[in-house]
Amino acid sequence: KKLYFETEESFLHRLQLQRKIQSGTRIKQQDKDYFNQREGYNETFLDQIPIFRNNIPNFQPDTCKNTTSYNPSSTKVSVIINYHNELLSLLLRSIYIVLGYLEHLYLHELILIDDGSNFTSHPELSEVEPLVARLTIHVRYYRWEDNRGLIYSRRWATQQASGDAVLVLDSHVEVKEGFLEPLLELVDKNYKTVVAPVFDF
């Protein structure tokens with residue numbers, strides 16, 4: 001289904017990419033050893049998982065699950081995701097599930113940084129910029145010609161961010177509905193607070 005931040009164009013483009021990813025699994029099955037070691041992922045398995053899914057287990061502590069107990073926040077969030085040679089299905093899943101579960105009233109912008117991905121070995125990543133450029137939300141996409149590193153890219157992005165708070169995420173994460181409210185409550189109490197969610201690996 002079309003999500004709130006998608007235009008008709010971006011929705012059709014996403015469906016096209018999903019079909020490409022699915023058809024690519026047949027090619028990857030023929031050379032499993034290479035593709036399942038290329039970036040340290042089981043690519044043939046991960047490419048078959050839907051880009052947006054809502055059946056992932058909820059590992060939140062009980063104190064975080066009741067989002068109705070949190071006061072509405074006026075804080076606007078800049079979301080930062082940077083990546084290098086990331087598996088396209090993982091990257092899209094991270095972007096779409098974070099945006100899908102992040103209440104629109106909290107979202108200020110999405111900052112995406114391609115940290116020098118190799119378009120020769122990972123040509124599918126060239127599809128990211130035209131896809132996100134068609135979204136209805138404010139997206140800022142940057143691409144380095146060389147790999148400058150995770151920390152450099154994140155520091156640079158936080159300096160460009162114009163939201164009230166910054167949410168820095170890896171390019172291979174999934175979240176649950178209501179993931180942001182407990183974090184914002186702590187930030188609203190003290191704007192100098194650095195909050196880290198609980199991750200399940």
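This briefing covers a pocket, a helix and a strand. The structure is a predicted model. Strand E1 is largely enclosed by the rest of the structure, because seven of its seven residues are buried.

**Strand E1**
- One side of E1 carries Val77, Val79, Ile81 and Tyr83, and the other carries Ser78, Ile80 and Asn82; all of these are buried, which leaves both faces covered.
- In a regular strand, side chains alternate between the two faces of the sheet.
- E1 pairs with E2 in the parallel sense, over seven bridges.
- Tyr83 has Asp114 in E2 as its bridge partner.

**Helix H7**
- H7 spans residues 150–160, and its Ser153, Arg154 and Ala157 are buried.
- Viewed down the axis of H7, these buried residues fall within an arc of 95°, so they line one face of the helix.
- An α-helix has 3.6 residues a turn, so residues three or four places apart point the same way.
- Ile151, Arg155 and Gln159 lie on the other side of H7 and are exposed.

**The second largest pocket**
- The volume of the second largest pocket is about 410 Å³.
- It is lined by 20 residues, of which Val166, Leu167, Val168, Val194 and Val195 are the closest to its centre.
- Strand E4 (165–169) and helix H8 (181–189) each supply at least two residues of this lining.
- The lining consists of 16 nonpolar residues, one polar residue and three charged residues.

How values were computed. Residues numbered from 1 in each chain as written. Predicted model: local features only at pLDDT ≥ 70, side-chain atom pairs only at ≥ 80, totals over all residues. Heavy atoms only, no water. 1 Å grid on protein atoms, 1.4 Å probe; cavity = no way out; pocket = protein on both sides within 12 Å on 5 of 7 lines; lining within 4 Å. Points joined across faces, edges and corners; volume = space filled by probe spheres on them. Helix = DSSP H or I, 4+ residues; strand = E, 2+ residues; numbered from the N terminus. Nonpolar A, V, L, I, M, F, W, Y, C, P; charged D, E, K, R; others polar. Buried < 20%, exposed > 50% of the residue type's maximum accessible area, 1.4 Å probe, protein only. Arc of directions from axis to C-beta. Pairing = 2+ DSSP bridges.
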